[in-house]
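Work through the exercises below with the structure open. Each task is followed by its solution.

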Amino acid sequence: MDETIAVAPAAGVSFTDEVCSIPGGDAIRSCIQCGMCTGSCPTANNWDYPPRRVIAMVRAGMREELLSSNSMWFCASCYTCTVRCPRDIKPADIMHALEVLSIRSGLSTKQSRTPIMYQCFVDSAKGNGRVYELGMMIKLFLKTNPFAAFKLAPVGLGLFLHGRMPLRPTRIKGMKELKVILDKAKKLGGC
Amino acid sequence: MKYYTYYPGCSAEATATPLGLSVPPVAKALDMELAELEDWNCCGSTPYHSTYKLEASAMAARNLALAEKTGLDLVTPCSNCYVVLASVNTHLKELPAFREKVNEALAAADLTYGGGVKVRHLVEVLYTDITPEVIASKVTKPLKGLKVAAYYGCQLVRPDGFDDPESPHSLDEMVTSLGAETVPWELKARCCGSSLIMPEPDVALGLINKLLKNAQEHGAQCLITPCPLCQINLDAYQSQVNSKFNTSYNLPVLFVTQLIGIALGIPAKELALEKNIVSPMRVLAPYL
C-alpha cells in the first residue's frame, strides 16, 4: 500500500481553484445552487453534506470540514446529477475531484469504508496490471470488518462455484513498462 | 465483416465471465471481428481515478496508446471501462497541459498518445453499426412470449451515452428484434449502487431491491444488462436482498450478449448460461 503523504495546497490557492485544477472539476463556479443534484442523487440521504451543499462548501472554502466528511465517498457515479444539471457543472466529476483531494491531503474519513476499498482496488490494479477481484475483496474485509465477510461469504462462494472467482490473478506481460509509466506519473505529481 | 479492437475489461475475465465468454460467439455470428487489444491493462476504474488522478489517467492512456496503433475503434462491453476510457480520452483531447503530462509519463515506456482513438461501448456498436434490423434477420430461435426487463444501468447512457440518458430505448429495440417482449418499467436506467455493494452493502442492497421489485411488478421473467457491476449486484446479491427484505425474487439476470446468442441459435454452453447465479434455465427452456 502506498504511503499517503499529506499535501497542503500552495499559498494563495483557494479551495475552488484546487477543485478546478483537476480535470472534470473546472465548472464549479457556474453553480446556481438549484438543488437538482441533491434531488437526483440515489444515495444523498447518507451523505454528511448532500451534493448541493458540497458545492457551496467548496466555494465557501470549508476545505477540512468537507474533505474529512463521508459525503463524496457515497457517490456511486450514476451521473444522474450530471445529465440533469442546468449549468453543465458535472457534479459527479466534482465528487471524484474531492476524493482525490481528500486522499492527497490525508483527510479521508474513517467513517466510510469506501476510501479503503478504493485503495485496495488501486493496489490490486497496480500490482498485476489487472484487477484481481477476489484478492481485493479479501484485503478489504481484513482491513475493515472481517466479520462482514461471513455475511457475504455465500455471495463469494456462489461466484466461485459458478466459475466466476478465479483463485489466481492475471498479470500483464508489460508490467515493467506499466510500472515505469506509473512511477513517472507519480513523480510528475498533481493533475 | 466489421473490424474493431476489443477491450474486455478485468471483470469479463472473472466475476463477469458469462459476459466475457458470450461476446466472441455473438460477434462472430454478427460478422464482427473483435481483435483483443494486445496486453491491455486495467482502465483504472472509478477507484483509481478518484484517488490518484494522474497515475490513473496514465494507466488508462497506455491502453489508448496501444489501441491507436491498430487504427480501429476501441470497443468494450463493460460500462465502467467505457465511461473511464472515454472520459480520459476526452480530457486528453481537450486539455493540452494534461495531455502533455500524461504523454510524459507514457514516454517512459516509449509510448505516446495522439488522441486518435474512438472509445465505444459494445451495445452502441451493436445498435449503430450492426443495427437491430440485421440482428433480427439472423434470429433462428425467436424468443416469442419471453418478457424481458431491459436494464441499462447508468454508465451505458450517462454521462455521454448514445441513447436518451434517462429514458433509453436501444436495448429495448434489440430485445424486440429477438422476438421477445420488453416490459415498460420506470427504473430501467436507475442506479444499482455499483461498487458501494462492498463498502456500503446496506445502501446498495436497498437500491437493488427497488430495481428487482419494479421489474417484477411489471411482469418481467428475466432482466438483461450489459454492465458487469449491475449484473453481479442483481444476480449474485439477489439472495442477500431476499434475506434482508424478506422477499422471494427468483429473477434471472442475463448479459445482453447471452440473450442475443440464444436467439441466434448459439449453444447454451458457449453462452455460459450455467455461470449465472440465479439459473435462467427454467425461463429459457422453451428456446434452448
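This is a predicted model: local features need pLDDT of at least 70, side-chain atom pairs count only at pLDDT 80 or more; totals for chains, interfaces and linings use all residues.

Residues are numbered from 1 along each chain as its sequence is written, and chains are lettered from A in the order in which they are written.

**Exercise 1.** Describe the secondary structure and domains of chain A.

Step 1. Chain A has 10 helices and 0 strands, where helices (H or I, at least four residues) and strands (E, at least two) are DSSP runs numbered from the N terminus.
Step 2. The domain assignment, automatic or from a database, gives domain 1 (15-104) and domain 2 (114-188) of chain A.
Step 3. The centres of these two domains, taken over C-alpha atoms, are 27 Å apart.

**Exercise 2.** Characterise the side of chain A that touches chain B.

Step 1. The contact (C-beta atoms, placed from the backbone, within 7 Å) takes 56 residues from chain A and 53 residues from chain B.
Step 2. On the side of chain A, helix 10 gives the most, with 9 residues.

**Exercise 3.** Examine the largest nonpolar core.

Step 1. A nonpolar core is a set of buried Ala, Val, Leu, Ile, Met, Phe, Trp, Tyr and Cys residues joined through C-beta atoms within 7 Å; buried means 20 or more other C-beta atoms within 10 Å of the residue's own.
Step 2. Among its 160 residues, B:A58, B:A61, B:L85, B:I208 and B:I224 touch the most other members.
Step 3. Helix 3 (residues 53-68) of chain B gives the most to this core, with 10 residues.

Note on methods:
A residue is buried if 20 or more other C-beta atoms lie within 10 Å of its own, exposed if 12 or fewer, and partly exposed in between; C-beta atoms are placed from the backbone. Two residues are in contact if their C-beta atoms, placed from the backbone, lie within 7 Å.
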